[in-house]
Amino acid sequence: RAERDTTLERLKASERSVKELEKVLRDAEVELVASSALQGGVDQLQAELAKAHEAEASAVSKLRAVELKLAEAERVIERAEETRDAAEGEVLIRTAGLESRVDAAEARAEAAEQAQKAQALQFE
């Protein structure tokens, strides 16, 4: 009888141990599921971060391209201003030349007119 009681107590102790181990196993499974969910969240955040880095790199590349285009546009504007200034100088030179010619032509016309008047007076 004592042996049977001892065996019964051992059996009950074993049952308690099995129940405790089952509880520990269930808790471990819950932690594993939670850990897996967290890892999924971490993976998703890492993917989003990678996309953000790609978007940033693309934006920086586009910004550099725009800066290059802007610099080229500024050079074109400078050349156009230089060309305009040169053309204005040329126009001033030509205008001065034309004014001189007009003045000379007017002076010749005046002289011819005076000569014609003088001839007309001689014939009278």
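Predicted model: local features only at pLDDT ≥ 70, side-chain atom pairs only at ≥ 80, totals over all residues.
Glycine 40 is found in helix α1. Helices here are DSSP runs of H or I with at least four residues, strands are E runs of at least two, and both are numbered from the N terminus. Glycine 40 is partly exposed, at a relative accessible area of 35%. Buried means under 20% relative accessible area, exposed means over 50%, and partly exposed lies in between (1.4 Å probe, protein chains only).

Residues are numbered from 1 along each chain as its sequence is written, and side-chain values use heavy atoms, with hydrogens and water left out.

**Overall form**

- The protein has one helix and zero strands.
- Its radius of gyration is 52 Å, well over the 14 Å that the globule rule gives for 124 residues, so the protein is more spread out than a compact globule. The radius is taken over C-alpha atoms, and the rule is 2.2 Å times the number of residues to the power 0.38.
- The C-alpha trace spans about 180 × 15 × 10 Å along its principal axes.
- Of the 124 residues, 0% count as buried.
- The accessible surface is about 11300 Å², and 60% of this area belongs to carbon and sulfur atoms. Accessible areas come from the Shrake-Rupley method with a 1.4 Å probe; for residues, only the protein chains shown count as cover.

**Salt bridges**

- The structure holds seven salt bridges. Each is a side-chain nitrogen of Lys or Arg within 4 Å of a carboxyl oxygen of Asp or Glu.
- Arginine 94 and glutamate 90 meet in one of them, at 3.0 Å from N to O. They are four residues apart in helix α1, so about one helical turn separates them. Arginine 94 counts as exposed at 56% relative accessibility, while glutamate 90 is partly exposed at 37%.
- Lysine 117 bridges to glutamate 113, with the closest N and O atoms 3.6 Å apart. Both lie in helix α1, four residues apart, about one turn of the helix. Lysine 117 is partly exposed at 45%, and glutamate 113 is partly exposed at 38%.
- Glutamate 88 pairs with arginine 84 in a salt bridge, and their closest N and O atoms are 3.8 Å apart. These two also sit four residues apart in helix α1, about one turn of the helix. Glutamate 88 is partly exposed at 43%, and arginine 84 is partly exposed at 44%.
- Glu72, Arg75 and Arg79 are linked in a network of salt bridges.

**Charge on the surface**

- Glu74, Glu78, Glu81 and Glu82 form a negative surface patch. Patch residues have over 30% relative accessible area and no salt bridge; like charges are joined within 9 Å, and nonpolar side chains (Val, Leu, Ile, Met, Phe, Trp, Tyr) within 5 Å.
- Glutamate 74 is placed in helix α1, which covers residues 2–123. This glutamate 74 is partly exposed, with a relative accessible area of 43%.
- The protein has 19 positive and 28 negative charges, and their mean positions are 14 Å apart. Lys and Arg count as positive, Asp and Glu as negative; His and the chain ends are not counted. A charge is placed at NZ of Lys, CZ of Arg, CG of Asp or CD of Glu.
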